Amino acid sequence: MSERPVVIVTGASRGMGAEAARWLGRAGAAVALTARNQTALDEVAADLAQHGGDSMTLPADVSDPASCIHVTEQVLERFGRLDGLINNAGILEPVVPVRMADVGAWRHNIEVNLMGSFYMISAVLAPLRKRRGRIVNVSSGAAVNAVAGWSAYCAAKAGLTHFTRVLAVEEPDVTAISLRPGVVDTQMQGVIREKGPGNMDPDKTDYFQNLKAEGKLAPPEIPARSMAWLALRAPVEWSGRFMEYDDPEILDPAREMLGESLR
Ligand SMILES: NC(=O)c1ccc[n+]([C@@H]2O[C@H](COP(=O)([O-])OP(=O)(O)OC[C@H]3O[C@@H](n4cnc5c(N)ncnc54)[C@H](OP(=O)(O)O)[C@@H]3O)[C@@H](O)[C@H]2O)c1
């Protein structure tokens, strides 16, 4: 059995998931990296290895329940234990008003963001219970703010956040947190800038365009540090909470444990 804590990160091929994996490696955890793009996962794994990290790559689509079970089985086979899950894989689209939404695209959003998180959680609950492990569900401000054009995403993230509360009351041996990561400079923001005009409120479209133009998007490593810290250290009494990535209760100990920057 691995002597290091073992954490699965979904959506680890880029963006915040890849950065959370790097922080976990720095903290001495073994990381199971999963997403659909094997090449990108391998690059993250190579980067982790260069810094002394132990990881494995598991290409999988979280919208497929059998793949989520297979990921978990392979992690247990390799490491013999599981201590944490960061449910980070996510998509924004469709970006379109409800009256124009395509049924298949809407369903796919829910399949990835909400069902995918459920599939992963169902797969890992038994081994996580054994280790009194932790789940970090990466939610969004969209869970509580209504954004025109984002109906599926808002519904999925609201569902994920409330699902986290139910987990907390059902599973006393597992700590489950849902996290708002802020507004972050990743590919998802590129989708907003590309698809927003004509599909979102003009004010909101301008807001996101300006954040990028003015360099005000958060670098992914900062919310990713909070994810990694929560996956390793979140106290059980926090279970069920919907938290901000920059809550000082997270930020201060995360900074102390992991440092200021990955680079
Ligand atoms: N960026 C923001 O401002 C922001 C704000 C609030 C919340 N969030 C949330 O933060 C999380 C990370 O997003 P990000 O901003 O880092 O975006 P990103 O760069 O687009 O990364 C999304 C990740 O999800 C993976 N993914 C997408 N569909 C998948 C599927 N079907 N199965 C498995 N993996 C899948 C992608 O990998 P592959 O393509 O290789 O599968 C990628 O690794 C998401 O849950 C997002 O909703 C982001």
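Modeller: Gladly, and please keep in mind that this is a predicted model. Let us begin with helix α1 (residues 15-26) and helix α2 (residues 38-50), whose axes come within 10 Å and cross at roughly 25 degrees.

Colleague: What does an angle of roughly 25 degrees make of α1 and α2?

Modeller: Angles under 35 degrees count as roughly parallel, and therefore α1 is roughly parallel to α2. The contact is made by Ala-18, Ala-21, Arg-22 and Gly-25 on the α1 side, and by Val-44, Asp-47 and Leu-48 on the α2 side. Sorted by class, the residues of this contact are 4 nonpolar, 1 polar and 2 charged. The crossing of these two helices, α1 and α2, is right-handed.

Colleague: Which residues touch the most other members of the largest nonpolar core?

Modeller: The general idea is that, in soluble globular proteins, nonpolar side chains tend to be buried together. In this model the largest nonpolar core has 78 residues, and those touching the most other members are Ala-20, Ala-21, Leu-24, Val-31, Leu-33, Met-227 and Ala-228. Helix α4 (residues 103-131) gives the most to this core, contributing 10 residues. If we set aside the neighbours of Ala-228 within four places in sequence, Ala-228 is in contact with Ala-20, Trp-23, Leu-24, Ala-27 and Leu-258.

Colleague: Is Arg-132 buried or exposed?

Modeller: A residue counts as exposed if 12 or fewer other C-beta atoms lie within 10 Å of its own, and because Arg-132 has 12 such neighbours, Arg-132 counts as exposed. Arg-132 is found in the loop between α4 and β5 (134-138), and although Arg-132 is not a glycine, it has a positive phi of about 50 degrees.

Colleague: Where is Pro-94 found, and what is the peptide bond from Glu-93 to Pro-94 like?

Modeller: Pro-94 lies in the loop between β4 (84-87) and α4. The peptide bond from Glu-93 to Pro-94 is cis, with omega near 10 degrees.

Terms used
Residues numbered from 1 in each chain as written. Predicted model: local features only at pLDDT ≥ 70, side-chain atom pairs only at ≥ 80, totals over all residues. Core = buried A, V, L, I, M, F, W, Y, C linked by C-beta atoms within 7 Å. Buried ≥ 20, exposed ≤ 12 C-beta atoms within 10 Å, placed from the backbone. Helix = DSSP H or I, 4+ residues; strand = E, 2+ residues; numbered from the N terminus. Contact = placed C-beta atoms within 7 Å. Axes fitted to C-alpha atoms, helices over the stretch in contact; angles between N-to-C directions. Parallel < 35°, antiparallel > 145°, perpendicular 65-115°, else oblique. Left-handed = near helix turned anticlockwise from the far one by under 90°. Nonpolar A, V, L, I, M, F, W, Y, C, P; charged D, E, K, R; others polar.
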